[in-house]
Amino acid sequence: MPSKAKTGKKLVIVESPAKSKTIAKYLGEGFIVEASIGHIRDLPQPSELPAELKKTSVGKFAVDVENGFKPYYVVSPDKKKKVAELKAQLKDADALYLATDGDREGEAIAWHLLEVLKPKVPVYRMTFGEITKEAIHRAMDNLRDVDAALVDAQETRRILDRLYGYEISPVLWRKVARGLSAGRVQSVVTRMVVDRERERMAFKSASYWDLTGQFGADSGSFKAKLAAVDGAKVATGRDFNDAGELTSRNAAHLNEELATSLAAGLQNAEFRVRSLDTKPYTRRPAAPFTTSTLQQEAGRKLRFSSKSTMQIAQRLYENGYITYMRTDSSALSDEAVTAARRQASELYGPEYIPQSPRVYTSKAANAQEAHEAIRPAGDSFRTPAQVAKQLSGDEFRLYELIWKRTVASQMGDAKGSTATIRLGAVAVSGAAEGRDAEFSASGTVITFPGFLAAYEEGKDESRGDDESEEARRLPNVAKGDALTASEILAVGHETSPPPRFTEASLTAELEKKGIGRPSTYASTISTIQDRGYVRKQGSALVPSWIAFSVIRLLEQHFHDYVDYEFTADMEGDLDKIANGQAVGAAWLKHFYYGEDADPGLLSIVNNLGEIDAREINSVPIAEGITLRVGKFGPYLESSVPTVDPKTGEVVESARANVPEDLAPDELTAAKAIELMETAAPEERVLGADPHTGHTVVAKNGRYGAYVTEVIPEMTEEQLANQPVEYYKNGKPKPPKKPVKAKPRTGSLFASMTVDTITLDEALQLMSLPRVLGQDAEGNPITVQNGRFGPYLKKGTDSRSIGSEEEIFTITLEQALEIYSQPKQRGARAAVPPLAEFGPDPVSEKNIVVKEGRFGPYITDGVTNITVPRSTSLEELTRERAVELLAEKRAKGPVKRTTTTRKAPAKKATAKK
């Protein structure tokens with residue numbers, strides 16, 4: 001068979017279509033650049049496996065757990081067309097260049113392409129850290145093969161996550177709630193948030209007092225704080241533990257009485273400078289951004305969520321503005337170091353750069369140095385001003401942050417001096433007379449800003465009561481100088497609980513512990529919010545009560561799998577596989593089946609024993625009051641039986657719903673008692689329906705108050721009298737379980753309450769929809785209440801009416817009059833917004849929440865985003881609204897594709 005004629009064409013496959021045009025331009029003629037649009041194949045759901053595999057060792061996970069953990073991959077249905085296109089392009093190519101991202105995920109995509117396309121031409125692996133002409137040409141000079149070890153590591157990770165989720169999640173379904181999920185990293189991250197909330201719940205505040213004073217010298221005045229009394233250090237917040245106990249033995253714990261008397265006794269005392277200490281101050285710049293530190297800093301300074309940060313960074317990378325955004329490395333290439341130093345010198349002066357370049361290495365656990373740090377793209381950097389017109393608002397802000405951090409990282413240290421003045425006096429009057437009080441003041445003066453001229457790193461919320469000393473200039477004084485004192489005040493303080501995690505601080509903690517990969521932090525934090533395990537309160541991450549139940553079950557029965565060190569060790573093992581020091585199949589065998597005294601996941605799942613679901617879903621809150629996590633959410637239940645005052649009979653324990661916006665640490669014993677005492681009755685009997693005899697009750701449900709009828713269970717006699725069905729052979733069929741009749745229900749009008757509604761009103765509500773009659777063509781017209789208010793319905797034609805009360809008064813004639821008018825879309829009176837949050841920081845337009853067809857949504861008049869189901873309107877804050885709009889903008893406009901029908905190809909006439 002003759003060999004295929006060479007065409008001179010070379011096929012390059014990247015992941016994203018956004019890259020392809022730019023890369024094609026840099027490569028020039030002869031190269032065809034196509035995008036795979038991410039992964040082309042994956043593990044299917046077990047239910048999607050072929051019938052012959054479902055009962056084999058592949059059937060449970062789509063992984064053959066009995067034969068080397070070999071995965072069963074399928075091409076995704078939405079990628080079959082793309083695969084066909086790539087195969088067609090490959091037919092005319094002389095070479096294939098796999099140019100997917102250079103991380104493990106990208107390496108796996110390249111391998112899958114190789115496996116599916118089965119090329120018969122030379123194949124090259126091509127990687128680059130930025131999309132610039134120089135980087136693409138360097139990549140062409142450094143081609144390699146697909147890295148089998150990286151592929152093995154990624155495949156092992158994928159199979160591991162499948163084993164973990166598919167074995168543990170069903171336990172959560174049975175014992176906590178349907179639809180929950182467990183994940184190798186997701187569950188550990190949830191535990192971190194829950195653990196922090198537990199610390200806040202156990203926290204006991206301690207009070208302490210100190211003094212502040214304003215002191216004057218000839219050269220100026222300054223503020224100082226009490227440091228010691230009679231030579232003993234004054235206790236501050238740092239000297240107390242979370243149980244409210246003083247941990248420093250030699251610290252003087254001032255109470256209000258002592259602090260007040262000391263302040264009074266010092267009003268006329270003679271203060272003098274006792275010591276003056278000056279030390280040189282030096283501060284180094286922060287390292288260039290890694291994935292983790294970029295997410296942290298964008299959260300602190302730009303208020304971006306981790307997810308939003310990565311979406312914007314992806315666009316900046318794909319359009320050639322920054323280097324690859326998934327990296328653990330803080331190192332810069334020689335070209336980048338030269339560019340940063342040159343730009344710092346041009347913008348700030350040659351004195352602002354050190355003599356030799358700065359070199360950075362990662363400090364995070366499990367760091368990989370495979371990539372460069374995140375920096376502006378190119379061998380020379382574009383300033384923010386040069387790209388401002390080409391970027392959207394959020395893109396510009398993130399680029400500016402990256403540019404500043406990169407340039408600052410190669411600038412000189414900030415230098416100055418820190419001075420500490422200690423001054424004191426002896427109280428001259430009152431109960432504290434004769435007691436010695438020493439005050440302290442510190443200040444740092446920057447004499448050379450160095451890198452601070454370009455950039456200063458943000459900080460997360462921390463505990464303690466130290467005030468910033470920077471940029472605080474103290475007067476020129478000498479030891480022994482007399483000082484005038486004024487405004488000596490006693491100030492009370494309360495110790496604060498550990499601050500809740502924000503996305504930034506949680507990311508920092510994950511990196512510190514070596515849990516998961518920084519490239520997955522954004523999606524993991526987003527997942528635990530989407531699953532309902534965590535919600536945002538402002539920028540703080542607050543766990544739900546269902547998260548408490550899930551973590552409690554996992555801690556008791558799958559302890560290792562939510563243990564921080566165990567999870568970090570797993571990451572280390574996966575890194576060994578990536579480095580070729582271990583084999584994935586052998587590691588998975590040990591993880592799943594265990595070895596010797598080390599039980600595997602399968603053994604643990606098969607030997608769980610009895611799990612008390614009620615105990616798992618119960619949290620004692622106060623004496624006699626327990627929080628239960630139920631099917632419809634958390635509620636409080638009294639363990640003390642309730643006695644009916646009329647009959648003296650013991651009835652069901654009293655219950656109270658827990659408000660959705662109440663954080664777990666806010667549900668104190670006092671709050672629980674208050675909720676129990678003020679709880680509306682869950683059910684109020686209104687009477688019996690005169691037509692059916694069924695009891696009618698009014699209830700407070702999770703989604704509002706409603707009325708319903710209680711349909712009694714069938715008696716044994718009624719069951720026995722049901723008609724008997726027979727088989728064809730004449731034998732009677734077993735009796736069928738009777739189908740439960742659906743009770744009539746009706747939501748209360750806004751003007752009604754469970755306490756005030758009457759039986760007649762309830763019967764009216766349950767009778768809806770109300771039939772008004774028919775139009776001239778015989779079409780029935782009904783009136784009913786809906787999510788968006790009361791309305792008329794005739795076939796598929798609906799018309800709104802004024803108020804809920806009109807439902808029972810409107811006549812057929814009035815309805816026909818409404819239908820005789822043309823349907824006016826948007827002609828109703830403007831509905832006031834559900835909430836207003838002021839101007840958006842990007843668009844500067846007013847942010848409001850409106851009721852839409854598919855539920856409440858947030859809008860600034862330009863961008864719309866639906867309020868997530870996990871966020872109630874009551875807990876929606878301005879910060880969250882701004883963040884959601886930013887995330888929507890980061891995704892960019894939805895691209896709508898139109899399909900053009902092609903004329904069928906003409907069949908070639910066969911030659912005879």
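1. In the hairpin formed by strands E26 and E27, six residues lie between the strands, and Gly693 takes a positive phi near 80°. Strand E26 (residues 683-688) runs antiparallel to strand E27 (residues 695-701), to which five bridges join it, and Glu683 stands opposite Lys699 in E27. Strands are DSSP runs of at least two residues and helices (H or I) of at least four, numbered from the N terminus; two strands pair if DSSP finds at least two bridges between them.

2. The model is predicted, with local features needing pLDDT of at least 70 and side-chain atom pairs counting only at pLDDT 80 or more, while totals for chains, interfaces and linings use all residues. Residues are numbered from 1 along each chain as its sequence is written, and side-chain values use heavy atoms, leaving out hydrogens and water.

3. The structure holds 23 aromatic pairs (ring centres of Phe, Tyr or the six-membered ring of Trp within 6.5 Å; planes under 30 degrees apart stacked, over 60 edge-to-face, the rest tilted). The rings of Tyr561 and Phe591 are edge-to-face, because their centres are 5.8 Å apart and their planes at 85°. Tyr561 lies in the loop between helix H16 (545-557) and helix H17 (564-578) and Phe591 in helix H18 (residues 584-593), so the pair ties together parts that are 30 residues apart in sequence.
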